[in-house]
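Hi,

Here is the structure I promised to pass on to you. Have a look at it first, and then read on for what I found.

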Amino acid sequence: FKNVASGILLERDYFKSPPSDCTLEYRDRCTSGSLAPTNIDGSNIGGNPSTDSDGNTCPLGHYTQPLLPRSIQIYSSQNNPSSSSWDHDSYEFTNLTPNDVDCGDAFW
């Protein structure tokens, strides 16, 4: 019981919710990874920073749930080799919620 209980207690706060007033600079892109904003040539621009209502950087870290974009509209293409492992050919969400995210799909 002690082993199970200690594991549950450790996972209880594994992801903390981000502050409610945090917003993404690019509201239709993720904070990092393959769905983060890129330059015209496809190179990474360093992620998608989030700020609070005062313009301060939001305290997002290893144990904080990443901010989700409000909406996304992404289509697989031959220019994106990783899209061949996605479960679907397109991902369109006008009001993206955590319930829409499927961590078992390589897209996410």
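One definition before the details: two residues are in contact here when they have heavy atoms within 4.5 Å of each other. Please also keep in mind that this is a predicted model.

**Confidence**

The protein chain has a mean pLDDT of 77, and 74% of its residues reach 70 or more. Confidence is lowest in α1, with a mean of 51, and highest in β4, at 89. Where pLDDT is low, the predicted coordinates should not be read in detail.

**The chain as a whole**

The protein chain has one helix and four strands, and in sequence order they follow the pattern α-β-β-β-β. Of its 108 residues, 22% count as buried. The chain exposes about 8000 Å², and carbon and sulfur atoms supply 49% of that. Among contacts with a separation of 6 or more, 47% are between residues 24 or more positions apart.

**Asparagine 48**

Asparagine 48 lies in the loop between β1 and β2 (50-51). Is asparagine 48 buried or exposed? Its relative accessibility is 3%, so asparagine 48 counts as buried. A polar atom of the asparagine 48 side chain lies 3.4 Å from the backbone nitrogen of glutamate 25. A polar atom of that side chain also lies 3.5 Å from the backbone oxygen of cysteine 30. Setting aside neighbours within four places in sequence, asparagine 48 is in contact with Leu24, Glu25, Tyr26, Arg29, Cys30, Thr31 and Pro37.

**Aspartate 105**

Aspartate 105 sits in the segment after β4 (90-93). Aspartate 105 is buried yet has no salt bridge. How far away is the nearest side chain of opposite charge? That side chain belongs to arginine 29, and it is 14 Å away. Not counting residues up to four places away in sequence, aspartate 105 touches Ser85, Trp86, Asp87, His88 and Tyr91.

**Isoleucine 74**

Isoleucine 74 belongs to strand β3 (residues 72-75). Why does isoleucine 74 count as buried? Buried means under 20% relative accessible area, and isoleucine 74 counts as buried because its relative accessibility is 13%. Between isoleucine 74 and tyrosine 91 there are 5.2 Å from C-alpha to C-alpha, while the two are 17 residues apart in sequence.

**Cysteine 22**

Cysteine 22 is placed in the loop between α1 (2-12) and β1 (23-24). Cysteine 22 is buried because its relative accessible area is 10%. Which residues does cysteine 22 contact, leaving aside neighbours within four places in sequence? They are Thr51, Asp52, Cys58 and Leu67. The C-alpha atoms of cysteine 22 and aspartate 54 are separated by 9.6 Å, and these two residues are 32 residues apart along the chain.

Best wishes

Note on methods
Residues are numbered from 1 along each chain as its sequence is written. This is a predicted model: local features need pLDDT of at least 70, side-chain atom pairs count only at pLDDT 80 or more; totals for chains, interfaces and linings use all residues. Side-chain values use heavy atoms; hydrogens and water are left out. Helices (H or I, at least four residues) and strands (E, at least two) are DSSP runs, numbered from the N terminus. Buried means under 20% relative accessible area, exposed over 50%, partly exposed in between (1.4 Å probe, protein chains only). Accessible areas come from the Shrake-Rupley method with a 1.4 Å probe; for residues, only the protein chains shown count as cover. Lys and Arg count as positive and Asp and Glu as negative; His and the chain ends are not counted. A salt bridge is a side-chain nitrogen of Lys or Arg within 4 Å of a carboxyl oxygen of Asp or Glu. pLDDT is the predictor's confidence in each residue, from 0 to 100. A polar contact is a pair of N or O atoms within 3.5 Å; within protein, one must be able to donate a hydrogen and the other to accept it, and residues adjacent in sequence count only if both atoms are side-chain atoms.
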